[in-house]
Every structure is written in structure tokens, then in C-alpha cells.
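Hi,

Here is the structure I promised to pass on. Have a look at it first, and then read my notes below.

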Amino acid sequence: MSKRVAILISGGGSNMVALADSMTGDHPARPCLVLSNIPDAGGLEKARAMGIPTAIVNHKSYEGRATFEAALNTVLAAARPDIICLAGFMRVLTADFTQRWAGKILNIHPSLLPKYKGLNTHARALAAGDKAAGCSVHEVTAELDGGPILGQAIVPITPDDTPETLAARILPLEHQLYPAVLRRFAGGDTLPLILP
Ligand code: GRF
């Protein structure tokens, strides 16, 4: 029986597309839902074109995190996901939510965790004079960007790199890393994967 994967997005959904495209053939999982907190997120149209059920839970329609997450949980419970992939989902989730789905949530973060949790990761790596940057897939826990690391992809930083050029070089690696980690995770393998 395939594992059911819900993918949460807030934007263009390029990672969602890479994940959904990878779940074919003998892959142990299939996408069951793409959910966005942003009603006009570009990724929703892409999901519809791929025939994946979509949902919108607009965080602006709820008074606080608790009521927003209650609505999120209602939609997710109906989709019965075995795994939840955050893919450019830009809302911070509470400990209650991460506990409710403990062990089932993955996220991709554009830094070599545990360095640079939070935002503006590439600018921070450049400002620190780092020689390498990259992205990480990790299990989501109550600590923001703090859960067990399941995979990383690494790129060298060049002297003329900007946050934009770094992001452009790392995003395609995200599209390789996240599907590779999801396939292993869905098959019960949580050994960290390092690319290349
Ligand atoms: C990616 O850079 C990811 O690392 C970060 O947000 C971006 C999402 O891009 N979490 P997309 O919506 O998947 O294209």
C-alpha cells in the first residue's frame, strides 16, 4: 500500500513539483494533497495541472496560530497523510502541531543545518565568509529548523557569489535531494543522505 504524502506550500511550489514528479512506478509513496496557506500560490495551479487534490487554508482567515492549525489539522486529517512534506511553507508551526504529526513531517531548508536556521540563509553564509553552502532536509520538530537531518546537498561558494546566485545554484539540488530523501523516508530509511 503506497504511503500518502501531503505537501504544504506557500509559493511557486518547485519543490512540490519535484516531489510529486518523483512519486511514480515502484516509489513507495504517492501525493494525496497539496495545501497552501496562500490562496493564489502558484504551486496550487501546478498541482491541479498534475491532477493532485488541492486545498487552501488561508492563515489570514484565522485569529491566531491555534485556530489556523485546527483548520489545517481538519483538512489534513481528511486527506489521511502518512507523511507531510513542507515545501516552501512559510508558516511557523507550533509544538502542538508538530507533536500531533510527530515523526511524519519533513522540511527542506536552504542551508547546511544546523547553521543558519530561519531566514536569509544565503546572505548569512556569505557574510560569514563560508566556503560552502547548500540545503538540508530534516524532520520537523517543535524547534524551528531543528529536527534530525535526513539529507544535505553541498555547493562551494565562489568569490563572486551573491545570495541570488547561490539560491539559483542550490534550488536544483533541492529538487534532487528532497525526492531522494522522501523515497528513503517512505521506505523506512532515515540514514542521512549527502549529495553529491
Ligand atoms: C526553497 O528555496 C526552499 O529551500 C525554501 O523555500 C523555497 C521554496 O521554493 N524553503 P518552492 O516554492 O519550492 O519553489
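Within the lining of the largest pocket, α6 gives the largest share, five residues. Helices here are DSSP runs of H or I with at least four residues, strands are E runs of at least two, and both are numbered from the N terminus.

Before going on: this is a predicted model, where local features need pLDDT of at least 70, side-chain atom pairs count only at pLDDT 80 or more, and totals for chains, interfaces and linings use all residues. Residues are numbered from 1 along each chain as its sequence is written, and side-chain values use heavy atoms, with hydrogens and water left out.

Back to the pocket (an open set of points on a 1 Å grid over the protein atoms alone, where a 1.4 Å probe fits, with protein on both sides within 12 Å along at least five of seven lines; lining residues have an atom within 4 Å of a point). The largest one holds about 770 Å³ of space, the volume being what probe spheres set on the points fill, with points joined across faces, edges and corners. It has 36 lining residues, and F89, M90, I108, H109 and P110 are nearest the centre. At least two lining residues come from each of α1 (14-22), β5 (105-109), α5 (121-127) and α6 (163-186).

α6 also meets α1: S14, N15, A18, L19 and S22 in α1 touch L171, E174, H175, Y178, P179 and L182 in α6 (contact means heavy atoms within 4.5 Å).

Cheers
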